[in-house]
Amino acid sequence: MIDVDQLRDELTRGLCGADVAESFRALSPEEQTSILRVLKLQELSDGRRLYFRAALQALFPVGDVYFYEGKFLLCLPDDESPAALSKVVLIKNLFMDAGNSRLEVYFARHVGVFGTPQTMRLDEIILY
């Protein structure tokens with residue numbers, strides 16, 4: 001069975017790709033631990049279950065994700081920054097299904113998704 005220290009070593013050495021290694025090293029120690037825990041859960045399921053939403057919540061606790069017309073819409077309250085984009089790259093590469101890697105990210109604003117009433121906040125959204 002794979003352990004967290006082995007996962008950390010594999011990520012930092014670039015066994016999951018240079019982008020993942022760079023993004024992982026840029027995380028705070030607490031964020032690294034959170035991602036490793038989620039990755040461990042995914043490994044324990046033998047890859048049969050992806051923990052995309054759990055990984056998002058680990059790095060963006062107040063972010064929202066929706067699935068609409070074949071793509072994921074990620075709404076983050078943070079301003080767009082290199083650090084936030086690096087986190088998105090890490091999550092996408094480690095936790096998204098390779099067959100469905102369509103992801104749109106919206107920073108500092110919320111997206112209104114038709115047919116999802118809780119997303120329709122007047123004066124706070126862009127319509128999708």
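Trainee: How does Phe67 count by relative accessibility?

Mentor: Relative accessible area sorts residues into buried (under 20%), exposed (over 50%) and partly exposed in between, using a 1.4 Å probe and protein chains only. Phe67 has 48% relative accessibility and therefore counts as partly exposed. This is a predicted model, in which local features need pLDDT of at least 70 and side-chain atom pairs count only at pLDDT 80 or more, while totals for chains, interfaces and linings use all residues. Residues are numbered from 1 along each chain as its sequence is written, and side-chain values use heavy atoms, with hydrogens and water left out.

Trainee: How many helices and strands are in the protein chain?

Mentor: Elements are DSSP runs numbered from the N terminus: helices are H or I with at least four residues, strands E with at least two. The protein chain has five helices and five strands, which run α-α-α-α-β-β-α-β-β-β from the N terminus on. Of its 128 residues, 40% count as buried.

Trainee: Which residues have the most contacts inside the largest nonpolar core?

Mentor: A nonpolar core is a set of buried Ala, Val, Leu, Ile, Met, Phe, Trp, Tyr and Cys residues joined through side-chain atoms within 4.5 Å. The largest one here has 28 residues, and Ile35, Phe52, Phe60, Leu90, Ile91 and Phe95 have the most contacts inside it. Two or more residues each come from α1 (4–12), α2 (18–26), α3 (29–44), α4 (52–59), β2 (71–76), α5 (82–95) and β3 (103–107). With six residues, α5 gives the most.

Trainee: Which residues of α4 are buried?

Mentor: The general idea is that an α-helix has 3.6 residues a turn, so residues three or four places apart point the same way. In α4, the buried residues are Phe52, Ala55, Leu56 and Leu59. Viewed down the axis of α4, they fall within an arc of 100° and so line one face of the helix; the arc is that of the directions from the helix axis to the C-beta atoms. Their cover includes α3, β1 (64–68), β2, α5 and β3.

Trainee: How many aromatic pairs does a search of the whole structure find?

Mentor: Rings of Phe, Tyr and Trp (its six-membered ring) pair if their centres lie within 6.5 Å; planes under 30 degrees apart are stacked, over 60 edge-to-face and the rest tilted. The search finds two pairs. Phe52 and Phe72 form a tilted pair, 4.9 Å centre to centre with 50° between the planes. This pair links distant parts of the chain, since Phe52 lies in helix α4 and Phe72 in strand β2, 20 residues apart. The rings of Phe67 and Phe72 have centres 5.0 Å apart and planes at 65°, so that pair is edge-to-face. Phe52, at 8% relative accessibility, counts as buried.

Trainee: What does Val65 touch, not counting residues up to four places away in sequence?

Mentor: Contact means heavy atoms within 4.5 Å. Val65, found in strand β1, touches Phe52, Arg53, Leu56, Phe72, Leu73 and Leu74 beyond those sequence neighbours. Val65 counts as buried at 8% relative accessibility.

Trainee: Where does the charged end of Lys87 sit?

Mentor: A charge sits over a ring if NZ of Lys or CZ of Arg is within 6 Å of the ring centre and within 35 degrees of the ring normal. The charged end of Lys87 sits over the ring of Phe60, 5.7 Å from its centre.
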